[in-house]
Amino acid sequence: MRTKFSSRLLAASSVLALGMTATACGGAKTGDTATSESCVDTSGDTIKIGFLNSLSGTMAISETTVFKSLSMAAEEINADGGVLGKKLEIVSEDGQSEPTVFAEKATKLIQDDCVAAVFGGWTSSSRKAMLPVFEGNDALLFYPVQYEGLESSHNIFYTGATTNQQIIPALDFLKQEKKIESIFLVGSDYVFPRTANKIIKQYAAANGIEVLGEEYQPLGSTDFGTVVDKVKAAGADAVFNTLNGDSNVAFFKEYKGKGLTASAMPVLSVSIAEEEVPGVGVGNLEGQYTAWNYYQTIDSPANQKFVTDFKAANGAKAVTSDPMEAAYTSLHLWKGMVEKADSFEVEDVIDASDGVTYDAPEGTVEVDGENHHIAKTALIGQVNSEGLIDTVWSSDKPIEPDPYLKSYDWWKN
Amino acid sequence: MRLPTLKHAYPYVGWLLLAVALLVLAPAVLSDFRLGLLAKYCCYAIAAVGIGLAWGRGGMLVLGQGLYFGIGAYAMAMHLKLADAGPGGVPDFMALYGDATVPGWWEPLRNGGLALVVILVLPALVAGLLGLAVFKRRIKGAYFAILSQALAAAFAILLVGQVKTTGGANGLNNFQGFFGFALFDPANKRMLYFIAAGILLVSILAMAWLYRTRFGELLVAVRDGEERVRFLGTDPANVKLAAYVIAAVLASIGGALFVPIAGIVSPDDVGVVASIGLLAGVALGGRASLLGPAVGALLIGYAETSLSEAFPGSWSYFQGALFVLVILLLPGGLAQLLGLVRRANVHRGNSVGDHLLRGVPRGEQGETEVTRSASEEAAAR
């Protein structure tokens, strides 16, 4: 009796479940175009914006600093009367250092919180994960970190450097100032270093520089004995370093330990900023070069104010770095675009973006409405004994962004 | 025992409540975004149902189900990328990072039907081979757990290293369509939700049936006394192998559905942390019960999202505290809580509510087995 009862129930329920599933089908086919309705509420005296940074996971140490400088920019703007008379209301979400979470939280900020724009992301994988979300919902993302280029989304503004504003000037510096004839490439094994090295190899081939070696280690690897041995044996004039995170600590310790010096074989790094120097050790880094668009030591009224305010909010030991400055700048640039458009609507803001400028701590920056990057001055720095970075070479004027390297005839993707 | 027929219907009452909640209530009250999240939890829950079978019923601590979740997810993701690219087309990321040619081992996945076959058969093959090698040699306990976890870790590392063919750490994303349906359309997103919820409910029913078969009872017997089963003339390895293969296939189905629902899969979704995340829900809900693993996985997913939204900087501490509390106070999971309620009620001559989450197999013997091992565990702590 009971078996019968259960079996019937089982059969009936299965039919029910499958039936519900089948009837739920329908909707647009592939090839149809998306139509998304914005739900941003502009009726009140506040406007919501989203901050999406990894506050947990491996990237938290870096992205938390970006979150702090974004928060500072929002407070400044609010103290100054807000944007179009509306105070900014921040919705903060944790990307958890995982691409899938970035995609989920971006959707939440856009669809559930109805924010007017989102600021954040760090790793290339977090940006790649968010890109279809912002394009699919026709929303706005401001991405504040230097990256590997070869991208320009209608819905993203890139306020960090693309390759022709960081990596190519760094190579120009090595070639013109350091007169190098050979180079060794060391990087973490993911998209940014691999793409950067692809560009470096083509630049080298076109400029008569010999690439003596190319070594990759998995992200988080701390075993650099063999790599440094190879670097030493190759005897290149300089090392181009695209390692990220903890690996730098191990690499530079090993580098110094094997008797290699900044004067004999300088290392130029593109992912070591003021924030990372104490972690790697000032003693291991002193005299080595970095390539960025901002240093804490920049001597300008805008930067003095930025550094002073940041230390006031986060303690005297806090340092400021390029991604933090780019994030701070991105919020001010969005404000400029909105005010120029006199609207919070995504398409109005994008239409108004071309030519918007801001006197940023790094100097005056200008938005390129075509490719959504900004013109930035390239600065080569040298780590000093205090762990800060001094500018030793500058492109002197802002370099127009060229994410696809169209103006370089040696470049073939 | 006054109403034996009704008593044994309790697990189904629980299932019906879950079905109503998932198929009627949730779509009626949740926004598209929240329903999408629930769809994602359903994918985890499908994998969790399999873990309930292998771990809860079979006693195999499967610490690396991310491997099978990943096989299903990547097979689906590769098919969707190829389908987006069109006949003979090359997925966008391959042109960016590689030499713009599709590797030979991707090609079979161009065909949707073949992709579905891969999703169902490949995890079964991998789990079958691994299971044969492991269970026939009588490797069990911590050694099996470590081995299964190492495989998930190796799989994630392998994916990260193959930027040109698997997208590396970026994973695969930016899918436009799902078997001809445009993924940007909320109606199609709802359809995906119903598919995920429907498969979850059906897989729980399948477990209810499986637990009542001779195989289901053998599995519990192997868990509680492998040597005794061997003496009785049944090879425990075959029983464990079957359970492990079923768990792998369920994880793969969950992974395959995860891809169009989440819109992305990356090595972070298949590695060690993801595998433990799948297990955590099962432990929370009660691994030996019928509904516990699924309900636990849904609850863990919900808790993680809510905590992370409420406390963006410190949510992981709350999550950790939740686990510690459950492990210290309820080693049998939430299902144990209902067991306690039942025991209290039994004294009052009222047994309503006892089987809602437990779903023990047919017959008093099976029931005491499960109850006893739960209390033994509690005593051992």
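## Helix α14 of chain B and its partners

In chain B, helices α13(B) and α14(B) cross with right-handed geometry. This is a predicted model. The axes of α13 (residues 272-285) and α14(B) come within 7 Å, at an angle of roughly 120°. On the α13(B) side, the contact uses B:Ala280, B:Gly281, B:Val282, B:Leu284 and B:Gly285. On the α14(B) side, the contact residues include B:Gly292, B:Pro293, B:Ala294 and B:Val295, and also B:Gly296, B:Ala297, B:Leu299 and B:Ile300. By class, the α13(B)–α14(B) contact holds nine nonpolar residues, four polar and no charged.

Helix α14 (residues 292-310) of chain B also packs on helix α3 (residues 32-57) of chain B. Here the angle is about 140° and the axes are 7 Å apart. Angles over 145 degrees would count as roughly antiparallel, so α3(B) is oblique to α14(B). The crossing of α3(B) with α14(B) is right-handed. From α3(B), the contact draws on B:Leu37, B:Lys40, B:Tyr41, B:Tyr44, B:Ala45, B:Ala48, B:Val49, B:Ile51, B:Gly52 and B:Gly56. From α14(B) come B:Gly292, B:Pro293, B:Ala294, B:Gly296, B:Ala297, B:Leu298, B:Gly301, B:Tyr302 and B:Thr305. The contact of α3(B) with α14(B) counts twelve nonpolar, six polar and one charged residues.

## The α9–α12 pair of chain B

Helix α9 (residues 186-212) and helix α12 (residues 236-262) of chain B cross at roughly 165°, their axes coming within 10 Å. The two helices are therefore roughly antiparallel, since the cut-off for that class is over 145 degrees. Their crossing is left-handed.

From α9(B), the contact takes B:Leu192, B:Ile195, B:Ala196, B:Ile199 and B:Ser203. Facing them in α12(B) are B:Leu250, B:Ile253, B:Leu257, B:Pro260 and B:Ile261. Nine of the residues in this contact are nonpolar, one is polar and none is charged. An α-helix has 3.6 residues a turn, so residues three or four places apart point the same way.

## Chain B overall, and B:Val272

Chain B has 17 helices and four strands. Of its 381 residues, 54% count as buried. Take the contacts in chain B between residues at least 6 apart in sequence: 77% of them join residues at least 24 apart.

B:Val272 belongs to helix α13 of chain B. B:Val272 has 16 other C-beta atoms within 10 Å, so it is partly exposed; buried would need 20 or more. Neighbours within four places in sequence aside, B:Val272 contacts B:Gln149, B:Ala152 and B:Ala153. B:Val272 lies 108 residues from B:Lys164 in sequence, and their C-alpha atoms are 23 Å apart.

## Two domains in chain A

Chain A divides into domain 1 (46-160 + 300-375) and domain 2 (164-297 + 380-394). Their C-alpha centres are 28 Å apart. Domain 1 of chain A gives 15 residues to the contact, and domain 2 of chain A gives twelve residues.

On the domain 1 side, α2 (60-79) and α12 (322-341) of chain A are the elements that contribute two or more residues. That side of domain 1 of chain A has five nonpolar, six polar and four charged residues.

## Helix α8 of chain A

Helix α8 (residues 247-257) of chain A has these buried residues: A:Ser247, A:Asn248, A:Ala250, A:Phe251, A:Phe252, A:Glu254 and A:Tyr255. Their cover includes β6, β7 (210-217) and α7 (225-234) of chain A. Also included are β9 (267-269), α9 (277-280) and α10 (282-285) of chain A. Just after α8(A) comes A:Gly259, with a positive phi of about 85°.

A:Ser97 has a phi near 60°, a positive value in a residue other than glycine. A:Ser97 sits in the loop between β2 (87-94) and α3 (99-112) of chain A. With 22 other C-beta atoms within 10 Å, A:Ser97 is buried.

A:Lys179 is not a glycine, yet has a positive phi of about 50°. The loop that holds A:Lys179 runs between α5 (163-176) and β6 (182-188) of chain A. A:Lys179 counts as exposed because it has 8 C-beta neighbours inside 10 Å; the exposed class takes 12 or fewer.

Key:
Residues numbered from 1 in each chain as written. Chains lettered and ligands numbered in written order. Predicted model: local features only at pLDDT ≥ 70, side-chain atom pairs only at ≥ 80, totals over all residues. Axes fitted to C-alpha atoms, helices over the stretch in contact; angles between N-to-C directions. Parallel < 35°, antiparallel > 145°, perpendicular 65-115°, else oblique. Left-handed = near helix turned anticlockwise from the far one by under 90°. Contact = placed C-beta atoms within 7 Å. Nonpolar A, V, L, I, M, F, W, Y, C, P; charged D, E, K, R; others polar. Domains from an automatic or database assignment.
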